[in-house]
Amino acid sequence: MFRLLSVASALPKCRKTNDDLSGFLDTSDEWISQRTGIRERAVCTDESLTELLTTAGKEALARAGITAQQLDLILCATIKGDYITPSQACIIQKELGAKCPAMDIGAACTGFLYALDVAAGYFVRKKVQKVLVLAGDVMSKLVDWKDRSTCVLFGDAAGAAVLGEGDALKSISLSAKGNIDFLNIPHVNGNSPFDSIPEQESFLAMNGQEVYRFAVSSICHDVKEVCKQASISISELDWLVPHQANLRIIESAAAKLKIPMEHCLTGIEILGNTSAASIPVVLDKAQSESKLKTGELLALSAFGAGLTTGACVLTW
Ligand code: UT7
């Protein structure tokens, strides 16, 4: 089916610490770091999502040693592209000078896993040989900076992976449990003179405790499921690569799965929750720290608005 030929990421240049946020918000470094593990995050100032994704995509192509013209498909996982239409994937196709089909995947923080599964289908049908999977969100433009219970949690980032033919993907499983109440961002309003639906602000709203419970149980369930499908035991995994939403979620799920924290990749401390980008960004961070070795077994696991979840086992 496929293997990962490369992974890359891009972050905005501006970094904000918890103390920076407590300068204008009723919060503290102590609360944020103890409840979430987050110490700082990167936020866009003059960068667009397009710029971040283009940087990550170009780097992923260079690391894979291929040109944009060799791509057969571009998938982009994002909550909100720079335009409602065209898709973010089409915008990046133009930026890279690629010629292949391109489309967005809307599965919030699980988008990278959903995109891998879509790509797997194209490989099985032998429609593609090289696929660029992009994932990115500018969460700083989607949260209410007056709401301390959500804005401190997120950061901005983009990730990219080039997939080529191979047999690295051992198993993959997706789920969706339609639910608007726990985590949503309402759409922007138009100006139709015929519209009678009351206007609402377009900010992220979340029931943190419900999402927390859902997150821990879904990581545990999904990792067990994909290990079973891959006919391996959890103890054979070299790395758990969880979505980075809260260090306590990661620690709790890892403890229930009996995976030592030394075998969990994390980046939330310096990145916050970067939504769809979180898994490829943390993979790139780990490879830059020379943590990952060829042939190691990874379980990726994500959850997010939808509510969606996804997990897979693959070799590095
Ligand atoms: O990828 C998307 C997925 N999102 C998630 O996975 C988020 C999952 N949920 C969580 O990570 C946690 O539920 C949070 C970090 C969001 C919240 O942690 P918590 O331990 O569940 O706190 P809480 O919501 O129960 O709030 C506890 C207290 C409240 O004050 P009172 O009512 O006890 O007086 C909040 O008002 O903490 C207060 N609080 C804050 N205080 C200082 C909430 N946010 C802040 C803040 N600074 N930023």
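Residues with under 20% relative accessible area are called buried here, those over 50% exposed, and those in between partly exposed. All views show a predicted model.

**View 1. R63 forms a salt bridge with D284.** The closest N and O atoms are 2.8 Å apart. This pair links distant parts of the chain, with R63 in helix α3 and D284 in helix α10 (residues 278–288), 221 residues apart. D284 is buried, at 9% relative accessibility.

**View 2. D26 and R148 meet in a salt bridge.** Their side chains are 3.4 Å apart, N to O. D26 is exposed, with a relative accessible area of 61%, whereas R148 is partly exposed at 47%.

**View 3. The ligand is surrounded by 23 residues.** The closest are T27, R148, Q209, N246 and N273. A polar side-chain atom of Q209 lies 2.5 Å from a ligand oxygen, and an N or O atom in the side chain of R35 is 2.9 Å from an oxygen atom of the ligand. A polar backbone atom of G208 is 2.9 Å from a ligand nitrogen. Of the 950 Å² that the ligand exposes when taken alone, the protein buries 74%. Helix α7 gives the most to the shell, with 4 residues. The shell comprises 11 nonpolar, 8 polar and 4 charged residues.

Definitions and conventions:
Residues numbered from 1 in each chain as written. Predicted model: local features only at pLDDT ≥ 70, side-chain atom pairs only at ≥ 80, totals over all residues. Heavy atoms only, no water. Near = heavy atom within 4 Å. Polar contact = N/O pair within 3.5 Å; in protein donor to acceptor, adjacent residues only side chain to side chain. Areas by Shrake-Rupley, 256 points an atom, 1.4 Å probe, with all protein chains shown as cover. Helix = DSSP H or I, 4+ residues; strand = E, 2+ residues; numbered from the N terminus. Nonpolar A, V, L, I, M, F, W, Y, C, P; charged D, E, K, R; others polar. Salt bridge = Lys/Arg side-chain N within 4 Å of Asp/Glu carboxyl O. Buried < 20%, exposed > 50% of the residue type's maximum accessible area, 1.4 Å probe, protein only.
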